[in-house]
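Subject: Structure handover

Hi,

Here is the structure for you to look at. Please open it first, then read my notes below.

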Amino acid sequence: MTDIPEETLNGRPQVDQVLEQTLQDLDIPPRPLIIDRIKAEIGSDSRNVKRIGQLISADVSLAAGLIKTANSPYFGLRNRARSAHDALLMLGLDVASRAVATISLRQAFPSNGQLERFWGASAQIAALSGWLAEELPNRRVRTHDAYTYGLFRDCGIAMLLRRFPGYRQTLERANADGVLTFTAVEQQELPTDHAMVGCLLAQDWWLPEEICLAIRHHHDQSAIDLFESGLPAASRYLVAISQTAEHLVQQLTGGSRTQEWSKLGGSCLRLLKLAETDLGDLHEGAEEVLRTVD
Amino acid sequence: MSDPVRHPSSEEALRRRFDTIPAANPTLDPVTGFLSRTAGLQAAAVLIADVGARQARLCAIWLDIDRFRQVNESFGHAAGDGVIARIAERIRSAIGLPCALLRMGGDEFVVLAAVRDRSAATQLARQLLVEIRLPLTVDELLIRPSASIGIALEQVGEEPAAWLERADRAMLEAKRRGGNRLALSGDELLTGRLGVQLAREELAIESTLHAALENGGLRLHFQPIVGRDGRVEAVEALMRCYAGGHQIAPARFIPVAEKTGLIIRLGEWSLLEGARCAARLRARGTPTTMAINVSRAQLLSPRFMPALHAALVCADVPARLIELELTESLFLDLSPTVQANLRSAREVGVGLAIDDFGTGYSCLANLKDLSASKLKLDRSFIAALPGDRRSFAVVRSMTRLGQELGMAVVAEGVENHSQLAALTEAGVDASQGFHHARPMPEHALLKWMARRAEK
């Protein structure tokens with residue numbers, strides 16, 4: 001390949017202070033700079049984990065979140081992380097950058113009561129998705145991918161809630177509609193839908209293709225059912241696992257009821273090779289997982 | 001010519017020769033039981049030497065499974081190995097001839113067989129294509145694999161490596177033509193060595209683009225478009241792709257992205273990134289139109305408008321600050337989806353610019369039918385300025401015509417002051433080029449704009 005050594009990505013001063021300030025002033029969930037820095041380190045010949053550890057440590061809540069992730073039972077790691085640096089070494093830069101994305105996601109949206117509940121539900125779905133990825137026979141997706149996907153799947157909703165004052169009512173209608181797809185209801189009232197918004201955000205945060213595509217198609221039944229849909233199988237499994245996780249959360253907590261399971265549940269179970277009755281067997285384990293989500 | 005292979009003794013001799021190969025070469029691929037690449041090359045050498053009497057011809061059939069990368073990514077490498085093993089089994093059972101089977105690595109196989117002639121080799125390869133196309137279940141999902149096959153008949157005195165390379169090259173030609181087909185060595189003469197090199201490079205660029213989308217290897221650079229009064233009228237966002245710390249030229253990765261459909265993801269990425277930069281410029285008190293390039297593949301999708309809106313919503317930027325740059329042919333595209341998308345974009349207030357006007361099949365008469373707000377004259381007209389009076393006349397007429405049709409006219413590729421002076425005389429509304437500034441990262445653009453504001 002012809003190389004144009006015009007500007008290298010590594011060690012570049014991509015963002016100066018003025019720009020950084022502008023980024024912070026804006027009402028856009030920006031891609032956290034730390035993610036770009038980790039990605040740049042990953043691509044660099046002289047990876048410097050220590051430097052990334054220092055960058056992360058500068059943000060106390062980010063560091064705490066990362067340490068918590070590394071010590072979480074998901075990863076089943078024997079050692080305990082005591083610093084961001086430990087956590088980076090234990091998780092590896094790739095997984096760590098995704099963990100940083102999940103931690104930053106919530107920070108990117110200023111919280112209010114409504115959003116808090118929304119993120120709470122997302123956290124439950126994510127935790128159960130990660131657990132299901134591990135628990136279900138013939139594992140297809142990695143635990144942390146399922147977890148990351150669970151958190152990001154509906155981030156478009158948080159965005160649309162912020163932009164469109166009437167979106168909450170749109171959501172209610174979409175949740176209640178037993179015939180039209182969720183996104184079709186949204187598109188009746190908005191120029192876009194949360195699946196598309198979420199996909200663009202996830203792509204912007206450099207999440208893997210299968211996660212971005214799974215977000216884009218997560219209300220699309222044919223995408224789950226058909227290999228010919230062109231969706232990578234990993235994406236289809238992510239969709240099915242998180243939909244099942246959401247259904248379990250609703251069964252166990254009696255939380256907000258949606259029509260999604262009646263529309264997509266059959267396809268999900270088929271793909272995951274589960275019977276509706278198998279779900280009961282998962283209740284006990286799932287409850288255990290939900291207790292660990294705060 | 002008689003039919004030597006049918007001759008029992010020669011066939012017998014060949015069979016024996018083929019039979020001895022695995023025993024003599026213990027390095028078998030564990031997944032397929034085929035010979036490994038090195039062992040395969042040795043086998044080829046032995047076979048070439050043996051058929052010295054030339055009673056039959058040797059052919060090399062090079063198979064590459066189409067889109068195998070997708071299988072691996074979708075199902076994981078263990079399942080991918082399973083698919084490879086089953087396809088290998090199909091190859092083994094499809095060939096009723098003495099042969100040597102090689103796995104060249106990944107999803108590439110080579111069959112070395114003795115055949116009567118060229119048509120027998122083709123017949124054999126066809127048989128393989130048919131067998132490989134049979135549906136296959138992976139994790140209870142039905143997939144239909146296909147292969148690209150290249151055939152090369154061995155030539156007298158040829159080195160084994162050169163022989164196999166010809167088969168490989170033919171395979172790449174088959175792949176270049178869309179896969180699921182075969183090509184004979186010689187068919188690729190038109191593209192030749194250069195063609196092979198290009199096909200390989202395309203594969204490399206494709207995987208680089210995939211990686212860039214996941215590893216933060218994409219950036220937008222921005223080139224200002226400066227009005228007659230010296231003010232920055234707009235900024236064009238240009239995509240940059242980095243791999244291993246180096247930049248890959250857009251002229252090289254954009255065509256590959258278009259060919260593979262990756263352009264849709266790249267295009268959506270730049271919509272959001274460009275819209276965000278527009279939002280930041282606005283927040284700094286310098287609202288500037290952001291011109292973003294859009295491809296045909298994007299406009300062919302019914303999801304184009306939701307994606308455009310998603311970008312506007314995420315960036316929280318008004319539509320009027322976004323302008324889409326399209327080639328002229330897109331405005332004339334007959335696809336109803338393209339036309340509907342362009343109409344909707346206009347309706348929400350997004351500007352439309354005709355990019356590179358004057359190249360391709362441009363026709364001034366078409367201009368009246370194009371519903372664009374801006375006309376960008378191709379750099380080729382500007383390059384000859386100010387010396388060439390004819391170019392000047394063309395630029396001046398196109399500018400007038402564009403303006404009379406209600407478009408702002410921008411000249412691309414302005415490199416020096418005398419060109420700019422000529423363009424001002426020709427009446428263009430704005431210009432873009434190295435004379436003003438090269439494309440630059442956002443932080444450099446901000447500094448450039450700040451310096452300009454001070455003057």
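A:R106 and A:E116 form a salt bridge, with their closest N and O atoms 3.2 Å apart. Please keep in mind that this is a predicted model.

Chain A has 17 helices and zero strands. It has 294 residues, and 56% of them count as buried. Among its contacts with a separation of 6 or more, 65% are between residues 24 or more positions apart.

The chain is divided into domain 1, residues 15-106, and domain 2, residues 114-292. How many residues of each domain are in contact with the other? Domain 1 gives 18 and domain 2 gives 25. The area buried between these domains is about 1900 Å². Carbon and sulfur atoms give 64% of that area.

Two salt bridges are counted between the domains. The count of residue pairs in polar contact there is three. On the domain 1 side, the elements that give two or more residues are α2 (33-42) and α6 (93-108) of chain A. α6(A) gives the most, with seven residues. By type, the residues on this side are 10 nonpolar, two polar and six charged.

α2(A) is mostly covered, with nine of its 10 residues buried. The buried ones include A:L33, A:I34, A:I35 and A:I38.

What does A:D36 pair with? A:D36 forms a salt bridge with B:R219, and the closest N and O atoms are 3.9 Å apart. A:D36 sits in helix α2 of chain A and B:R219 in strand β8 (residues 218-227) of chain B, so this pair joins two chains. The cut-off for buried is under 20% relative accessible area. B:R219 has 7%, so B:R219 is buried. A:D36 has 12% relative accessibility, so A:D36 counts as buried as well.

**Chain B**

Chain B has 17 helices and 16 strands. Of its 455 residues, 55% are buried. Take the contacts in chain B between residues at least 6 apart in sequence: 66% of them join residues at least 24 apart.

Two salt bridges within chain B deserve a look. In one, the side chains of B:D29 and B:R103 meet at 3.1 Å, N to O. B:D29 lies in the loop between α1 (8-24) and α2 (37-50) of chain B, and B:R103 lies in strand β2 (residues 99-105), so the pair ties together parts 74 residues apart in sequence. B:D29 counts as buried at 13% relative accessibility. B:R103 is buried too, with a relative accessible area of 12%.

In the other, B:K376 pairs with B:E412, and the closest N and O atoms are 3.9 Å apart. B:K376 is in strand β14 (residues 374-377) and B:E412 is in the loop between β15 (408-411) and α16 (417-426) of chain B, so this pair ties together parts 36 residues apart in sequence. Are these two residues buried or exposed? Both B:K376 and B:E412 are buried. They also belong to a network of salt bridges with B:E236 and B:E325.

Over all chains, the count comes to 28 salt bridges.

Best wishes

Technical notes
Residues are numbered from 1 along each chain as its sequence is written. Chains are lettered from A and ligands numbered from 1 in the order in which they are written. This is a predicted model: local features need pLDDT of at least 70, side-chain atom pairs count only at pLDDT 80 or more; totals for chains, interfaces and linings use all residues. Side-chain values use heavy atoms; hydrogens and water are left out. Domain bounds come from an automatic or database domain assignment. Contact means heavy atoms within 4.5 Å. Buried area is the accessible area (1.4 Å probe) that two parts lose on being put together, summed over both. A salt bridge is a side-chain nitrogen of Lys or Arg within 4 Å of a carboxyl oxygen of Asp or Glu. A polar contact is a pair of N or O atoms within 3.5 Å; within protein, one must be able to donate a hydrogen and the other to accept it, and residues adjacent in sequence count only if both atoms are side-chain atoms. Helices (H or I, at least four residues) and strands (E, at least two) are DSSP runs, numbered from the N terminus. Ala, Val, Leu, Ile, Met, Phe, Trp, Tyr, Cys and Pro count as nonpolar, Asp, Glu, Lys and Arg as charged, and the others, Gly among them, as polar. Buried means under 20% relative accessible area, exposed over 50%, partly exposed in between (1.4 Å probe, protein chains only).
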